[in-house]
Amino acid sequence: MSSIWLPLCLLIYAAITLLWARLGAMQNSAEGGFFSAGHALSPWVTAIVMAGISLPGWLLLSGTQHIAEAGLQLPTLLVAGVVIALPGCVFFKRIWLASMRLRVSSLAGLFGAYFSSPFLVIATTATAFLFAIGFAGVQLRAGGLLIASLTDGALDPVVVSTVIGFLLFAGVGIGGLRSAAYLGVLQTIFLISTLVLLTGLVLIELGGFAALNASLKSLSETDEASRLMTVQKVIQFTSGLGRGTDPALANSAIANFSLALALMGFQCGPVAMKLVTSTARPTGLAAGQTWVMVGTFGLLIVFALAIMGLAGLIDPDYSLGSLLAALHDQSPWFAGWSIIGVIAGVQVLAGLSIFVACESLIRDVYKPYFHAALSKQDAVTLVRIAIAIVILITVIMQLLAPITLSALAAIALPVSVQLASPLLGVTWARWITRPAAVCGVGFGVVAVLLTEPLGHEILSAFGLDLPWGRWPWTVHSAVWGLVVNFAAVLIISAITNRQAMTGEAQSVHDLYAKSLPSNPAGQSLRPVAWSLVLAWFFLAVGPGLIFGNFAFSAEAGDGVTWLFGIPSLWAWSMGGWLWGLGLIWFLSYKMGLASPVHVSVSAFEPAPRLTLDTSQQERERMRRILIATTIGAALITFTIFSFGG
Amino acid sequence: MDINSRIERQLLVFAIWCVCGFAGFATLLEGFARDVFIISLIGSAFIVAGFIGHIIINALFKMGFTYGETVLGIGLFGIVVTTFVTGWIAGGYTDSDIWSGLTLIVIIAVGLPSYLSTRYGMRGAFSQFHKTHHSNEDLDG
């Protein structure tokens with residue numbers, strides 16, 4: 001009897017998905033806007049979906065699991081709400097203005113127009129695919145396996161993955177961005193309610209918040225477990241994970257700091273930017289980043305996710321999978337609801353990232369370079385076909401190649417954060433030239449690959465073996481990439497002509513100068529802002545975390561007393577969240593980085609050009625690419641055959 | 001009201017009921033299963049919270065319940081009453097189950113006239129029941 005609730009809840013969820021896909025499609029047929037919702041998404045919709053794609057789905061699945069296994073050694077996870085909101089706070093307003101000026105609706109399109117760089121367009125599209133196939137695929141797989149295990153094999157993982165894939169297609173393939181965004185709101189709400197529900201149940205089961213901490217206290221009295229409540233060192237000079245005798249667990253302060261920079265990849269990436277460029281007006285950016293992202297979701301992370309993870313640390317029976325299994329036996333209606341929340345949380349990112357990847361592929365790569373005459377209706381059809389193919393690939397990879405999926409997922413965030421340098425060029429640093437941006441991203445991505453298992457595996461296939469492992473010195477690959485990226489940007493910008501700018505780029509900076517006049521109060525507060533940001537990074541996610549180990553605890557007799565009744569590092573992270581909330585508010589409103597702006601943005605008028613028939617060149621380009629691909633594939637196969645392991 | 005506002009209202013209504021409806025239903029069932037009246041009462045409270053949230057959204061968008069929402073609401077109320085009465089007659093309910101069911105039904109039954117009377121006044125509330133609606137836009141006409 002109990003097994004009926006899970007399929008019933010899934011059926012309700014499927015009905016809701018199909019209904020909103022239909023509503024989105026109907027609105028599209030009335031008003032157009034398959035690709036960008038007619039640039040009419042309400043700011044509140046953007047704010048909620050932005051938080052939904054950035055934070056909780058993966059944190060619920062992976063974050064709680066990490067805390068359950070490794071304790072509080074990565075407190076950066078607890079202030080993820082603040083860390084992830086920072087790039088949005090800095091970039092979103094200007095990106096919205098630039099996209100309106102150039103009349104583009106994606107990050108790839110924006111880079112294409114601003115820098116006139118096919119490389120940046122392709123790199124951005126590839127990043128979207130990393131999120132769509134890798135990052136989202138891993139989460140979908142975890143969700144699918146969870147459902148399959150809860151039904152004791154009654155629902156096969158293949159069936160579950162197929163159903164979830166079908167729902168994904170229904171959500172984004174039929175109604176486009178509009179239904180993806182509307183569904184995203186509902187999915188985010190489902191996820192939040194699930195988080196609150198599960199946290200409440202965990203606390204009830206454990207006997208309350210005080211009982212949770214009492215259990216943690218007794219756990220911390222053993223040597224091994226006490227280590228799990230602290231950040232061990234500032235840095236570990238090791239060859240990286242998987243090399244040498246030192247296990248080099250990524251639990252140093254620098255590992256935390258570098259993870260923080262990697263997490264910023266969420267809002268530097270094409271998925272978040274798609275939402276921004278499809279928003280009707282930039283009046284809700286500050287409120288979204290401050291109160292939704294950091295205030296609400298940040299609070300949920302620092303309390304609810306921490307409670308769930310730490311409960312799993314106390315007793316593995318409280319880990320997410322075990323908790324849901326127990327719930328399924330005792331209260332199947334709550335289990336059904338929770339599973340919907342987990343699936344929804346995963347689908348919100350998966351749906352949008354698949355849509356953005358396929359849209360970029362067709363509209364920013366295929367159309368401009370291979371088929372300029374492609375009509376809008378044909379583009380919609382091609383995007384739908386691409387979505388179906390990508391979902392099929394993701395489902396197949398979930399079932400047949402989960403390790404490759406994990407390897408792709410691992411580089412999604414570090415590669416995405418490499419786009420920070422061209423983003424800075426578009427928004428703030430006009431001196432970043434096109435060659436600098438291209439080289440920065442290119443070198444940055446290579447550095448990421450060389451410090452991640454995917455790059456190691458690729459090189460190993462060619463018979464090359466690197467002397468370091470994953471994340472040398474416990475520094476995340478994102479930071480290795482950023483160091484190389486910004487070094488290249490600074491050097492190349494210094495030696496190239498910084499005055500050479502496309503008309504589009506000049507027009508964007510003229511718009512900033514006109515629409516965002518310098519604010520004298522903001523100017524005077526600039527040193528304060530920099531100091532606050534740097535101090536926050538140092539204390540909340542950087543080397544200052546070492547102080548957090550003992551700041552809120554005191555020696556008492558033979559043992560240690562926790563001043564607030566909770567582990568010192570947890571209290572430290574709560575302080576970091578509170579400070580972070582104030583920081584984001586200060587940057588968004590007082591410094592005006594994301595404050596509402598009410599301007600009418602006129603479109604950039606390019607110089608008149610003669611329209612030529614480019615079909616011949618496009619065919620030639622396609623032919624050359626096919627030949628190059630064939631030769632490349634043959635050479636790769638030959639090299640791997642000759643030297644590969 | 002333009003199509004964007006209408007869709008946004010619908011989205012908010014869905015969001016409210018996705019949380020309060022699911023929570024209310026699941027908590028009610030939990031109360032019945034554990035035979036604990038207070039848990040069922042919390043379930044009823046969630047449903048009332050959903051109803052209040054719905055009214056607030058209506059006020060924000062300056063409209064009343066749509067025809068579809070009214071039909072769905074009354075239909076669900078009818079199903080709840082029929083199921084409860086049938087179960088009661090068939091026997092097997094504990095005291096807690098009976099109190100839980102009655103509480104929910106009374107809350108909803110009192111809630112509807114209360115809403116109508118606060119929105120339209122006592123006389124206007126009665127008028128709502130003999131008005132003929134040709135439009136499926138909203139009950140307020």
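Helices (H or I, at least four residues) and strands (E, at least two) are DSSP runs, numbered from the N terminus. The exercises below use a predicted model.

**Exercise 1.** How many helices and strands are there in chain B, and which pattern does chain B follow along the sequence?

*Solution.* Start with the count: chain B has four helices and zero strands. Next, read along the sequence, which gives the pattern α-α-α-α. Then turn to burial: of the 141 residues in chain B, 35% are buried. Last, take the contacts in chain B with a separation of 6 or more; 64% of them join residues 24 or more positions apart.

**Exercise 2.** Classify the packing of helix α6 (residues 118-150) against helix α18 (residues 402-417), both of chain A.

*Solution.* First, the two axes come within 8 Å and cross at roughly 130°. Angles over 145 degrees count as roughly antiparallel and 65 to 115 as roughly perpendicular, so α6(A) is oblique to α18(A). The crossing of α6(A) past α18(A) is left-handed. The residues of this contact comprise 13 nonpolar, five polar and one charged. Among them are A:F131 and A:R141 in α6(A), and A:P402 and A:L405 in α18(A).

Definitions and conventions. Residues numbered from 1 in each chain as written. Chains lettered and ligands numbered in written order. Predicted model: local features only at pLDDT ≥ 70, side-chain atom pairs only at ≥ 80, totals over all residues. Heavy atoms only, no water. Axes fitted to C-alpha atoms, helices over the stretch in contact; angles between N-to-C directions. Parallel < 35°, antiparallel > 145°, perpendicular 65-115°, else oblique. Left-handed = near helix turned anticlockwise from the far one by under 90°. Contact = heavy atoms within 4.5 Å. Nonpolar A, V, L, I, M, F, W, Y, C, P; charged D, E, K, R; others polar. Buried < 20%, exposed > 50% of the residue type's maximum accessible area, 1.4 Å probe, protein only.
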